[in-house]
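These are my notebook entries on one chain.

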Amino acid sequence: MKVLVATEKPFAKAAVNGIREIVEKNGHELALLEKYTDASQLLEAVADADALIVRSDKVTAAVVEAAKKLKIVVRAGAGYDNLDLAACTAHNVVAMNTPGQNSNAVAELAIGMMIYMSRNQFTPGTGRELKGKTVGIHAYGNVGRLVAMIAKNGFGMNVIAFDPFVPAEKMAADGVKAVGSIEELYAGADFLSLHIPATEQTKNSIGYKLVSSMPKGACLVNTARKEVINEEELIQVLAEREDLKYVTDIAAVRMDEMKEKFGARVFATPKKQGAETAEANINAGLAAASQICDFFATGNRRFQVNK
Ligand code: 3PG
């Protein structure tokens, strides 16, 4: 079988070597398409691929249609909003992600962003410490839980969280207080760390009402997806509340305007960096390769997301 790794933002070399080793050891062939600049290159490359590994690369209906032999696509990472699941299902393509594999990298970045903003982006002037502040975790999945643990155990922060899918007892066992509503979460968070996926329900869901309820001097930290933010409303809140800050790993569509209006109160990484560590690349890339080989060998569909 031919396994194509198509990554506009390539994996670390060690991860690619590891993927190759797993694929070849299992009797398959590896093809690489890295740093491509046009979707047409992906359309061409998938034509004879039996399996596909991607990162945030868009696997559209056109890609699935062009991949006549495709049986499985694995998003090496957590969020799979870049995969057209309906198209995969329609073409009998199994779609998977690799949950948890890059979580630590994203969690560390979220904490780093809190420090960066609390220390005025490392420019001269008096900053603030994380110790004793409250961090609100919006969605207590793999990344959210790690942020909670680092914040609590490493920095002495208070942690509150909201996740309708995680029992309060599970959070309590971690020393995290489950709050009863999303409103309560935002109103109590000096730092709000976003970990919700981008779905039809969550897109544009973080806006004026929630952000304007945050305490004085609060900071919204987005290592999730830009789509969950209602930019229009965020801009409105930041204009009204000169004490609030926004830091994001996924630049807003209107980031330039935000930088112009709010200066050092906003910051965006130039390119999404959450999962950009050698460790995360290796964990997620190798997991993707193993899941594909296992699927071909035994039919294992454990991480299928288009069920
Ligand atoms: C994820 O959903 O796993 C992260 O957003 C990482 O995305 P990336 O692989 O494009 O860096």
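Entry 1, the fold as a whole. I began with contacts (heavy atoms within 4.5 Å). Counting contacts between residues at least 6 apart in sequence, I noted that 65% join residues at least 24 apart.

I then wrote down how the model was treated. It is a predicted model, where local features need pLDDT of at least 70, side-chain atom pairs count only at pLDDT 80 or more, and totals for chains, interfaces and linings use all residues. Residues are numbered from 1 along each chain as its sequence is written, and side-chain values use heavy atoms, with hydrogens and water left out.

I listed the secondary structure next: the chain has twelve helices and twelve strands. These are DSSP runs numbered from the N terminus, helices being H or I with at least four residues and strands E with at least two.

The C-alpha atoms fill a box of roughly 55 × 45 × 35 Å along the principal axes.

Buried means under 20% relative accessible area, exposed means over 50%, and partly exposed lies in between (1.4 Å probe, protein chains only). The chain exposes about 14000 Å², of which carbon and sulfur atoms supply 52%. Areas come from the Shrake-Rupley method with a 1.4 Å probe.

For charge I wrote down 36 positive and 36 negative side chains, with the centres of the two sets 4 Å apart. Lys and Arg count as positive and Asp and Glu as negative, while His and the chain ends are not counted. Each charge is placed at NZ of Lys, CZ of Arg, CG of Asp or CD of Glu.

I found Asn306 in the segment after α12 (278-298). Is Asn306 buried or exposed? Asn306 counts as buried because its relative accessibility is 9%. I then checked polar contacts, which are pairs of N or O atoms within 3.5 Å; within protein, one must be able to donate a hydrogen and the other to accept it, and residues adjacent in sequence count only if both atoms are side-chain atoms. A polar atom of the Asn306 side chain lies 2.8 Å from the backbone oxygen of Val93. The Asn306 side chain also reaches the backbone nitrogen of Ala95 at 3.0 Å. Beyond four places in sequence, the contacts of Asn306 include Leu85, Cys88 and Thr89.

I placed Ala287 in helix α12. Ala287 is buried, at a relative accessible area of 12%. Leaving out neighbours within four places, Ala287 is in contact with Thr98, Gln101 and Ile282.

Ser118 is in helix α5 (residues 103-118), and its 9% relative accessibility makes it buried. Beyond four places in sequence, I listed its contacts as Gly127, Arg128, Leu130 and Phe191.

I found Gln41 in helix α2 (residues 39-45). Gln41 counts as partly exposed, at 32% relative accessibility. A polar atom of its side chain lies 2.8 Å from the backbone nitrogen of Thr37. Not counting residues up to four places away, Gln41 touches Leu33 and Tyr36.
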